[in-house]
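I begin with the structure itself.

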Amino acid sequence: MKNILKSDKILFFSFIISALSLVIFDLETIPFGGLTYSTCKWDCLWYRDIILHGYQPDTYLSLRHMGFAAWPFFPLFPGLAACIRYLTGLSAEASALLLNQTLFFFLVAISALYYRKFVDSQKYALFILVLCLSPFALWYKIQYTECIYGALMVCIAYFTRDRRYIPLFICSFLETLTRPTGILVVGTCSAYLMIDALRTRNLNAFLNGGFPVMAGSLGLSVYMLYLYYLTGDAMAFSHMQSSWGRAFGFPGKWIIEAIIHGRRINGVIAAFISMFFLYYGFRKRMYLETSILTVTFLFALSSGVLSLHRFIFGNPLFVMIFCRIFDNKSQKVTNYSLLILFILGLIAAYMWFNDSHYLF
């Protein structure tokens with residue numbers, strides 16, 4: 001009974017802080033042309049095209065997108081947004097925004113429950129505040145996949161820890177329809193279950209641990225089969241990424257190249273900050289969360305430092321690790337840190353509305 005009451009308290013607090021965060025963010029958009037216009041930047045334009053026209057079999061011929069196509073953007077997020085647009089009559093941008101800002105409540109709630117159960121049973125309120133009000137929350141509130149991807153990721157980690165296999169299989173299937181890194185998340189959780197089963201010599205648990213990656217592979221295969229039907233190339237999403245300059249290579253190569261040429265220095269800084277927190281996560285014995293982040297980090301860095309900060313800092317598991325730095329801090333230090341994070345969140349939103357390439 002106590003656990004139920006405590007869960008209700010967490011859910012209520014997460015709802016209030018999530019709503020406050022969205023209100024502040026949405027009010028910030030007023031001087032920049034309104035909510036849907038000011039938030040739709042960069043990749044959002046590709047999602048808008050998918051929502052309106054679906055995936056096209058050929059590359060674009062317009063000057064801006066000559067030789068490009070939307071194949072690297074996986075279908076779950078734009079597909080759901082297209083359904084909302086059909087049911088509500090909203091614009092493509094508004095439908096995608098409504099989807100994400102609705103999912104934001106769920107993301108915060110499930111992340112808070114996970115944090116309280118598996119990370120720290122006492123400081124979940126601090127985690128909720130950091131997740132909602134810091135600059136890390138920017139990408140959850142706009143027309144990007146971070147929110148749905150992060151929510152499913154936390155669900156997968158939660159069900160992995162709880163050994164709840166049926167919802168784990170379902171979430172694994174859906175996660176691989178959000179991004180290419182979805183299969184890596186699922187594979188890491190499967191490995192976690194299978195290694196634990198080997199340690200306890202439990203054959204049934206070992207077999208159950210392999211099923212999530214099978215479900216995830218099915219989700220990825222569905223999209224690949226669709227691309228093969230559409231374009232004749234099942235790997236069209238990867239080949240298009242390569243044509244954008246995101247070719248695979250040794251991760252350190254991209255850091256060295258960025259430093260030598262003085263480009264994407266923000267990505268280099270993000271890489272080193274990420275490496276510190278990955279080390280910190282393992283040191284804090286957050287093995288599953290840090291392993292998922294490490295695999296994501298290495299995969300993202302192997303194709304360049306572009307958007308690395310978004311892939312890592314915009315991940316709820318990163319926020320869980322980040323919050324551990326307050327474990328032994330005084331209340332005064334924690335309060336001042338929260339204030340600084342809140343101000344940085346306002347600045348990050350302002351930069352986004354002004355088309356800052358630093359947040360791309």
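**Entry on H5 and H6.** H5 passes H6 in a right-handed crossing, and a crossing is right-handed if the near helix is turned clockwise from the far one by less than a right angle, left-handed if anticlockwise. I found that the contact (heavy atoms within 4.5 Å) is made by Phe104, Val108, Ser111, Ala112, Tyr115 and Arg116 of H5 and by Tyr124, Phe127, Ile128, Leu131 and Cys132 of H6. I sorted these residues into nine nonpolar, one polar and one charged, where Ala, Val, Leu, Ile, Met, Phe, Trp, Tyr, Cys and Pro count as nonpolar, Asp, Glu, Lys and Arg as charged, and the others, Gly among them, as polar.

**Entry on sources.** I keep in mind that this is a predicted model, in which local features need pLDDT of at least 70 and side-chain atom pairs count only at pLDDT 80 or more, while totals for chains, interfaces and linings use all residues. Residues are numbered from 1 along each chain as its sequence is written, and side-chain values use heavy atoms, with hydrogens and water left out.

**Entry on H7.** I turned next to helix H7 (residues 146-162) and helix H8 (residues 165-175), which pack at an angle of about 150° with their axes 9 Å apart. H7 and H8 are therefore roughly antiparallel to each other; angles over 145 degrees count as roughly antiparallel, under 35 as roughly parallel, 65 to 115 as roughly perpendicular and the rest as oblique. The crossing of H7 and H8 is left-handed, and the residues of their contact divide into 11 nonpolar, two polar and one charged.

I then followed H7 to helix H14 (residues 287-301), where the two pack at about 140° with axes 11 Å apart, which makes H7 oblique to H14. This contact is made by Tyr149, Met153, Ala157, Thr160 and Arg161 of H7 and by Leu288, Glu289, Ile292 and Thr296 of H14.

**Entry on the core.** Which residues have the most contacts inside the largest nonpolar core? I found Trp71, Tyr114, Ile128, Val130 and Met320, in a core of 112 residues, a nonpolar core being a set of buried Ala, Val, Leu, Ile, Met, Phe, Trp, Tyr and Cys residues joined through side-chain atoms within 4.5 Å. Helix H5 (residues 92-119) gives the most to this core, with 13 residues.

**Entry on single residues.** Is Arg285 buried or exposed? At 63% relative accessibility, Arg285 counts as exposed, since buried means under 20% relative accessible area, exposed over 50% and partly exposed in between (1.4 Å probe, protein chains only). Arg285 sits in the loop between helix H13 (265-283) and H14, and its phi is near 65°, a positive value in a residue other than glycine. I also noted Asp355, in the segment after helix H17 (331-353), with a positive phi of about 60°.

Technical notes:
Axes fitted to C-alpha atoms, helices over the stretch in contact; angles between N-to-C directions. Helix = DSSP H or I, 4+ residues; strand = E, 2+ residues; numbered from the N terminus.
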